[in-house]
Amino acid sequence: MKTIKLIFLGPPGAGKGTQAVNLAVQWETLHISSGDMLRESIKNKEPLGLKAKNYMLKGELVPDNIVISMVMEKISSNTNNKGFVLDGFPRTSNQAKKLDTVMADEGIILDAVVYFETSEETVLRRLSGRRVCRNCGANYHLTNMLPKIAGVCDKCKGPLYHREDDKPEAIRKRLEVYKNKTTPLLSYYKKSGLLKTINGDLEVQEAFEEIKNKVTGAWCSGAWCSGFLKDDTC
Ligand code: AP5
């Protein structure tokens, strides 16, 4: 059976997490979010989380040595035979090179790097209105993805909160860090022919369709797709 292995790249608030969850549900892939893993570690008061916390609150990147080993362990222990979506990793050239080395060692081949090209205006609107479930991490938005009951998660009834790093000063810092440290990865993956750009300003369903078309279009035209994607594109 065909597996799918993707990286989602883009600024904070571009919708990477939202689309990774959608794809994980539809294609049964593993969603590996470095941000979610770090937040879980903080919630559980683990040593790794305690080291990461202050960087995250300020909107800075957590040092490579902490993040790389955490994500690599997850990839290496992955038993999901339908692949994975890496969301928020890699974010520095060092992380990208390390990922290449580990994947080459383990015989893992990436299918695509999906770049969510998103305007700053969209990013600011989305992050300032985002609310997150304290229990299960589900994302909502005050204007376009409202929970059924205000302040309460639809999925687990947990309380919703405003992420500390979604406040104006930390957002500014995250955007600056993204420009300086993460945008060089665009040319890195362009050179390897893996980069597929989608319009991150689109609404959720439209962006989802664009990802499916760009990432899977070539496969589904071939007979070997064998219905893997289980939707109308097959
Ligand atoms: P992380 O949690 O990864 O944050 P991020 O990359 O900044 O991404 P976001 O979660 O803010 O945005 P997203 O693109 O996933 O958007 P989402 O779908 O949620 O990282 C947090 C911190 O952890 C970092 O700052 C760093 O400190 C540390 N860290 C993580 N990985 C690291 C690494 N590799 N190296 C070092 N440090 C690391 O959507 C946002 C909002 O918009 C939601 O409310 C959603 O409902 C809404 N929305 C989404 N899509 C749409 C749409 N199409 N239309 C309308 N609304 C939408």
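Trainee: Is N135 buried, partly exposed or exposed?

Mentor: N135 counts as partly exposed, because its relative accessibility is 47%. The cut-offs are under 20% relative accessible area for buried, over 50% for exposed and partly exposed in between, with a 1.4 Å probe and protein chains only. Before we go on: this is a predicted model, where local features need pLDDT of at least 70, side-chain atom pairs count only at pLDDT 80 or more, and totals for chains, interfaces and linings use all residues. Residues are numbered from 1 along each chain as its sequence is written, and side-chain values use heavy atoms, with hydrogens and water left out.

Trainee: Okay, and where is N135 found?

Mentor: In the loop between β5 (130-133) and β6 (139-141). Those labels are DSSP runs numbered from the N terminus: helices are H or I with at least four residues, strands are E with at least two.

Trainee: Which residues is N135 in contact with, leaving aside its neighbours within four places in sequence?

Mentor: K43, C156, G158 and P159. Contact here is heavy atoms within 4.5 Å.

Trainee: Switching to confidence: what pLDDT does the chain average?

Mentor: The average is 90, and 91% of the residues score at least 70. pLDDT is the predictor's confidence in each residue, from 0 to 100.

Trainee: And where does pLDDT stay under 50?

Mentor: Over residues 221-234. The model has 25 contacts beyond four places in sequence for that stretch.

Trainee: Helix packing next. At what angle do α6 and α7 pack?

Mentor: About 135°, with the axes of α6 (residues 120-129) and α7 (residues 168-182) 11 Å apart. That makes α6 oblique to α7. The axes are lines fitted to C-alpha atoms, for helices over the stretch in contact, and angles run from 0 to 180 degrees between N-to-C directions. Under 35 degrees counts as roughly parallel, over 145 as roughly antiparallel, 65 to 115 as roughly perpendicular, and the rest as oblique.

Trainee: Which residues make the contact?

Mentor: On the α6 side, E120, V123, L124, L127 and S128; on the α7 side, I171, R174, L175 and K179. By class, five are nonpolar, one is polar and three are charged. The classes put Ala, Val, Leu, Ile, Met, Phe, Trp, Tyr, Cys and Pro in nonpolar, Asp, Glu, Lys and Arg in charged, and the others, Gly among them, in polar.

Trainee: There's an arginine in there. Is R174 buried or exposed?

Mentor: R174 counts as buried, because its relative accessibility is 11%. Not counting residues up to four places away in sequence, R174 touches P12, G59, L127, R130, R163, D165 and D166.

Trainee: How about α4 and α5, roughly parallel or roughly antiparallel?

Mentor: Roughly parallel. Helix α4 (residues 64-76) packs on helix α5 (residues 93-106) at about 25°, and their axes are 11 Å apart. From α4, D64, V67, I68, M72, I75 and S76 meet N94, Q95, K98, L99, V102 and E106 of α5. That contact has six nonpolar, three polar and three charged residues.

Trainee: At what angle do the axes of α2 and α4 cross?

Mentor: Roughly 105°, and the axes come within 11 Å. That makes α2 roughly perpendicular to α4. S34, M37 and L38 of α2 make the contact with V67, M70, V71 and K74 of α4. Those residues divide into five nonpolar, one polar and one charged.

Trainee: What phi does E28 have?

Mentor: A positive one of about 60°, although E28 is not a glycine. E28 lies in the loop between α1 (16-27) and β2 (30-33), and at 37% relative accessibility it counts as partly exposed.

Trainee: And K45, what's its phi?

Mentor: Near 55°, again positive in a residue other than glycine. K45 is in the loop between α2 (34-43) and α3 (47-58). At 65% relative accessibility, K45 counts as exposed.
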